[in-house]
Amino acid sequence: MKNRHCCYFYMFLFLIFFLYPVLFSNSEELLNDLNYMGNDNKPFIFEEKGLTKGISVDILRLIWEDLGIPDQQIKIYPWARALNNLENDEKSVLIGIVRTSERENICKWVGPFAKLRFGVFALKSRSIVIKNFDDLNSYIIGTINKDIVEEIIIQKGFKGRKESSSKNIHNLRKLKAGRIDLAGSFEISFYEDAVNAGYSADDFEMVYVLKETEAYFGFNKNIPDEIIKEFQNSLNRNRDKIDDIIDFYLKR
């Protein structure tokens with residue numbers, strides 16, 4: 001019995017002194033080799049004069065600096081592709097995703113870092129009034145393929161006609177052309193995209209709020225918990241600076 005206990009003790013020491021440093025080293029290497037991505041969604045992530053900018057981007061760079069991670073490439077994809085990469089690329093990080101019960105198990109989460117309000121928008125000139133969700137069934141709604149608005153209306157049992165696009169700008173053009181009645185988006189991005197497309201933000205209005213929620217960073221489920229913890233701790237340490245970043249973009 002005594003010999004058996006000694007054997008277990010030495011096995012324990014082996015795990016502590018030999019395997020743990022290897023695992024820790026692997027996590028540190030992976031910390032500098034993650035694949036960062038997002039979708040074009042101003043003011044959270046966008047390209048301007050060849051540079052990737054936005055709320056999510058600046059917060060991520062703040063965390064990199066805090067953790068001593070060198071600047072990394074951030075790729076911009078259509079939403080459906082970004083979501084697919086998050087689930088299937090073992091090194092992927094999606095820098096802006098809404099946490100819902102349906103998405104809870106598709107990734108690991110760091111955040112939240114910003115509050116969001118999602119809804120459906122219409123041209124003011126149409127004077128569309130939506131008093132409850134069922135009223136939406138009478139209209140054609142433009143959505144972004146596989147984004148949170150599309151998920152919400154499907155979950156709630158939307159019975160009207162839905163047209164999916166890859167960007168807000170497509171739905172804005174359809175609204176102006178009368179091809180759709182409503183467009184689903186989150187509030188900040190919708191008005192930003194309207195102005196960037198050359199429209200007046202005053203031409204549109206949110207006619208129904210679908211959900212108020214928060215934005216997170218999503219990490220592939222295979223990324224070690226040690227890395228998730230480091231990112232979360234860094235985000236928590238820098239809350240004041242994160243608030244300053246958000247204020248900067250919203251007041252531009």
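Ring pairs join Phe121, Phe190, Tyr191, Tyr199 and Phe204 into a cluster, where rings of Phe, Tyr and Trp (its six-membered ring) count as a pair if their centres lie within 6.5 Å. The model is a predicted one, in which local features need pLDDT of at least 70 and side-chain atom pairs count only at pLDDT 80 or more, while totals for chains, interfaces and linings use all residues. Residues are numbered from 1 along each chain as its sequence is written, and side-chain values use heavy atoms, with hydrogens and water left out.

Across the whole structure, a search finds 13 aromatic pairs. Among them, Phe44 and Phe186 have ring centres 5.3 Å apart and planes at 70 degrees, so this pair is edge-to-face (planes over 60 degrees apart; under 30 degrees counts as stacked, and the rest as tilted). Because Phe44 lies in the loop between β1 (35-38) and β2 (46-48) and Phe186 in strand β9 (residues 182-186), the pair ties together parts that are 142 residues apart in sequence; strands (E, at least two residues) and helices (H or I, at least four) are DSSP runs, numbered from the N terminus. Both Phe44 and Phe186 are buried, which means under 20% relative accessible area, whereas exposed means over 50% and partly exposed in between (1.4 Å probe, protein chains only).

The rings of Phe46 and Tyr249 are also edge-to-face, because their centres are 6.3 Å apart and their planes stand at 85 degrees. This pair links Phe46 in strand β2 with Tyr249 in helix α8 (residues 239-250), 203 residues apart. Phe46 is buried at 3% relative accessibility, and Tyr249 is buried with a relative accessible area of 4%.

| Lysine | Ring | Distance from ring centre |
|---|---|---|
| Lys42 | Phe46 | 4.7 Å |
| Lys156 | Phe133 | 5.9 Å |

Lys42 is also joined to Pro43 by a cis peptide bond, with omega near 10 degrees, and Pro43 lies in the loop between β1 and β2. Another cis peptide bond joins Gly111 and Pro112, with omega about 0 degrees, and Pro112 is placed in strand β6 (residues 108-123).

Turning to backbone angles, Lys49, which is not a glycine, has a positive phi near 55 degrees. Lys49 is found in the loop between β2 and β3 (51-53) and is exposed, with a relative accessible area of 82%.

Note on methods. Lys NZ or Arg CZ within 6 Å of the ring centre and 35° of its normal.
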